[in-house]
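Please open the model in your viewer and keep the selection panel at hand, as this tour moves from one selection to the next.

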Amino acid sequence: MTNAEVISISRFVVKGLSPEKLDRISLTAGRAIENDRRYALALADTAFDEANPQPLPKTKFLMLARQARLIGLDSRYDASSATLTLDQGGRRLASGRLDQASGREAIAVAVENFLGAESGGRPRIVQANGHRFTDVSVVSPDMMEAVSLINLASVRALEAKLAVWVDPRRFRANLLVDGLEPWAEFGWIDKTIRIGGVAFQGARRTRRCAATEVNPDTGERDIALPGELHKHFAHADMGIYLYVRSDGAIAPGDALTPPRAEGPR
């Protein structure tokens, strides 16, 4: 038996922008966290049909892997009014309702001004009912609804090799968990785990990209994490995706029950 538990829960309302920590979430089987990756900042030359949404590669949107300066924006979303607020260094840049054209334009202008030439032109806030802008949305409709998990013990195993602290925020996960053995999560693929009273199924390992190189505090690319993972562990993976398999609510502090047999580590 383990004493594993959820340490924190986050959602990323706009792809590429800052996380929102949650005290409790209600989940529905087959669906991801409400409002997670609901919106994205489409590049000026990206064609996205909101009436007939199709998954697109993440390169079609602003993202940390290419626009690292996005890390400097502090975003907050009020679901009751669909209002997104952008601050930078304590200074208000913009606030706008994402269900109104004028609000979306205000946010787009603020992001373009903040990034300058790095934006590649004025982005557009896009969304579509039932669509999420996850990196793995192009894999399958099920993966579009996946929840991402990071095992903090695996992060510490990487830290031990690098002899530097690795901020878990680099991995932009929905769930941070602790109390497990390093890499135990890789043995959960196609198996059932439980968090509180909710059942999840391991879906696939998460291959890391250049976005993880960006320091969440400074915006500098200071650790080449995909390369370091491959160098020390012969893979570039950190964390896994999960499918939600039952309805229920979870919160930080809830126990995580792994499969009976976690497989090789």
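What volume does the largest pocket have? Its volume is about 570 Å³, where a pocket is an open set of points on a 1 Å grid over the protein atoms alone, at which a 1.4 Å probe fits, with protein on both sides within 12 Å along at least five of seven lines. Lining residues have an atom within 4 Å of a point, and a volume is the space filled by probe spheres set on the points, which are joined across faces, edges and corners. This is a predicted model, in which local features need pLDDT of at least 70 and side-chain atom pairs count only at pLDDT 80 or more, while totals for chains, interfaces and linings use all residues. Residues are numbered from 1 along each chain as its sequence is written, and side-chain values use heavy atoms, with hydrogens and water left out.

Select K58, D135, T206, R208 and Y241, which are the closest to the centre of the largest pocket among the 30 residues that line it. Next, colour β12 (198-207), a strand (a DSSP run of E, at least two residues), since the largest share of this lining, four residues, comes from β12.

Move on to S18, P19, R169, R172 and P216, which lie nearest the centre of the second largest pocket, lined by 23 residues and with a volume of about 430 Å³.

Finally, show the open sheet of three strands in the order β5-β6-β7, with antiparallel pairing (two strands pair if DSSP finds at least two bridges between them). β5 (74-78) and β7 (91-97) stand at the edges, each with a single partner strand, so one side of each is left without a neighbour in the sheet. At D78, look for its bridge partner T83 in β6.
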